[in-house]
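This briefing covers strand pairing and salt bridges. The structure comes first, then the points by topic.

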Amino acid sequence: MPTSSKAPADPFDTRLVRKLADILTETGLSEIEVEQGDLKIRVAKTLTAAPVQQVVAAPVAAAPAAPATPSAAPAAEAAPAVAAGDAVKSPMVGTVYLQPNPGSPAFVKVGDTVEAGQTMFIVEAMKTMNPIPAPRGGKIVQILVEDAQPVEFGEPLAIIE
């Protein structure tokens with residue numbers, strides 16, 4: 001009786017799993033699932049928070065671009081750069097715009113007095129323009145962002161005194 005060293009046919013195909021993993025890498029997807037008859041395979045990547053931390057840290061790293069100053073001096077200068085008052089923060093991740101349309105005057109500028117609810121900026125998120133209202137009345141003492149700048153959730157946009 002001939003003996004075979006081969007095990008019975010296994011419906012699980014490791015080549016398919018490797019191929020799905022390659023598709024994830026090539027396309028940037030976080031997971032993929034296929035189903036064929038009774039066989040169902042799901043391949044997923046684990047996402048880490050490290051890229052978010054790098055994005056948040058990027059503006060801080062870009063700040064000390066001053067010519068030949070001691071490393072302690074930029075840190076000391078960065079702290080008082082924000083004026084005293086209440087910060088108007090971005091409620092979402094997106095792109096901030098200082099005026100309603102290109103070429104139009106800005107919603108607000110330093111020295112303007114605003115009323116509670118007055119539109120100060122627009123943050124575009126997922127192709128939707130979201131007006132950012134003044135949380136309270138007061139005088140604009142500092143605008144901390146540039147037009148068309150990407151912003152993070154909670155990032156200060158302006159200071160109201």
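Gly94 has Val151 of strand 9 as its bridge partner. The model is predicted: local features need pLDDT of at least 70, side-chain atom pairs count only at pLDDT 80 or more, and totals for chains, interfaces and linings use all residues. Residues are numbered from 1 along each chain as its sequence is written, and side-chain values use heavy atoms, with hydrogens and water left out.

**Sheet**
- Strand 4 (residues 94-97) and strand 9 run antiparallel and are joined by three bridges; strands are DSSP runs of E, at least two residues, numbered from the N terminus, and two of them pair if DSSP finds at least two bridges between them.
- An open sheet is formed by four strands in the order 7-6-4-9, with antiparallel pairing.
- Strand 7 and strand 9 (149-151) are at the edges with a single partner strand each, so one side of each has no neighbour in the sheet.
- From one strand to the next, the twist averages 40 degrees (axes are lines fitted to C-alpha atoms, and angles run from 0 to 180 degrees between N-to-C directions).

**Salt bridges**
- There are two salt bridges (a side-chain nitrogen of Lys or Arg within 4 Å of a carboxyl oxygen of Asp or Glu).
- Asp86 pairs with Arg136, with the closest N and O atoms 2.5 Å apart.
- Asp86 is in strand 3 (residues 86-89) and Arg136 in the loop between strand 7 (128-133) and strand 8 (138-143), so this pair ties together parts 50 residues apart in sequence.
- Asp112 forms a salt bridge with Lys109, the closest N and O atoms lying 3.7 Å apart.

**Accessibility**
- Asp86 is partly exposed at 39% relative accessible area, and Arg136 is partly exposed at 30% (buried is under 20%, exposed over 50%, partly exposed in between; 1.4 Å probe, protein chains only).
- Asp112 is partly exposed at 22%, whereas Lys109 is exposed at 54%.
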